[in-house]
Amino acid sequence: AELEDGPPVRKSPSSITLAYPSLSHSPSKPPPFQQPTQLLTFSYTPDHVLEFNDSALRYYIDPPLGADLGYGYDKWIRRPDERGRLDPLLQAWSRFKKGLCEGPSSSQSRAPDIHVRILIAPYEERDGWELNVMRVGGTLYFEEHLSEAKLKGKNEMEPRHRRQTYHGYAFESYCTTSTPGRREDDSSHVHGWGGDVNTNVQWCSVVKTKLGDRRIVIGGEVDCVREKYSGNTANFVELKTSLTIRGSADETKFEKKLLKFYLQSFLLGVPEIVVGFHTPIHSGSARAWDPLICLAWGDRFLSFLHDTLPANTGKDVWRVTLSPKVGIAVAKLDALGVEDVMGGDDRVGFLPRWYWDEMGL
Ligand code: A3P
Ligand code: MG
Ligand code: MG
């Protein structure tokens, strides 16, 4: 607890660490967080081709009662997990800077959930993560680093876990439609939809916001909008599923998940979360988490990296490692490590070379 607002602890020149904040009290001066403003949106087609339009936009519709979340499982077109790259976000950012998007109201893969996991770190008890970070001038770039073993684990999911994951997507299908107010296939199917889940298809929003003194650009998938898309985040809806709560242990688990739901939506400016439970639950406990701890931590984390990483070594890549219950460690990758991060592509560090050139870096 004493370390809460203390300086970073320097262990050795090659490894710099940042300890966790205390969880026992809310920060006395939480950092200001600016309401996210949308810059632009984009879609992924059924073949996972990125297009700067709203073809993948979906509208919310109440799900049928007693929906079978396993329906269509065998037909699931599942986009394989891959190393998330920043490229789609950089493409969007570049487009925005050139004024190529159709006005402010016009119109990213699983990877962006790393921004949630940074903020959630103080409450993380089990799963660590690794980030690659570059500091180019005043800007910090982040990408998640997935080790080969982790990537393999994601793609070779246990059948039970895989099915559970499908339930989340099936719920999204039951709750969404491409025409506001009208369910597709409603007359022809007992299930109200064709059971055709294709997780290549995504609709994404890129927003800018500010935490403390740092301006942030993030992108993320948006599940659907309520009634009408007005070119902003005001009626965005996040859809979630959760298993039945059968006792206090389940309840604690659900409480923890809520923090993730909350931060994921909050960061993108999504004001509404709809949670589908497999069966009804009874829950009324007080919140087991404090989002201000996460925001203050996020602010401290960004400031720490900003103050610690030298500004003039643009091509260097830094590896940030979270050890649950311990804290953050930062170390510079050696040449071999950087080569691994480039993955054989034409990159400067982990940034695509076209972006590097375009930004005049
Ligand atoms: P649930 O959230 O209902 O479990 P999102 O909620 O972010 O829109 O993601 C949609 C679904 O993708 C999730 O549904 C879940 O099934 C799956 N999913 C999300 N994050 C995941 C992760 N890190 N690993 C595996 N599956 C994930
Ligand atoms: Mg989603
Ligand atoms: Mg969702």
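## Confidence of the model

What is the mean pLDDT of the protein, and what percentage of its residues reach 70 or more? The mean pLDDT (the predictor's confidence in each residue, from 0 to 100) is 86, and 88% of the residues reach 70 or more. This is a predicted model, in which local features need pLDDT of at least 70 and side-chain atom pairs count only at pLDDT 80 or more, whereas totals for chains, interfaces and linings use all residues. Residues are numbered from 1 along each chain as its sequence is written, while chains are lettered from A and ligands numbered from 1 in the order in which they are written. The model scores ipTM 0.94 and pTM 0.87.

Among the strands and helices (DSSP runs numbered from the N terminus, with helices being H or I of at least four residues and strands E of at least two), confidence is lowest in strand S1 (residues 9–12), with a mean of 47, and highest in strand S11 (residues 224–225), with 98. Residues 1–7 have pLDDT below 50, and this stretch makes five contacts beyond near neighbours in sequence (contact: C-beta atoms, placed from the backbone, within 7 Å).

An open sheet of four strands runs in the order S4-S3-S9-S10 with antiparallel pairing (at least two DSSP bridges between two strands). Strand S4 (50–51) and strand S10 (214–221) stand at the edges with a single partner strand each, so one side of each has no neighbour in the sheet.

Strand S3 (residues 37–44) pairs with strand S9 (residues 202–211) in the antiparallel sense over seven bridges, and Phe42 stands opposite Cys204 in S9.

Note on methods. Contact = placed C-beta atoms within 7 Å.
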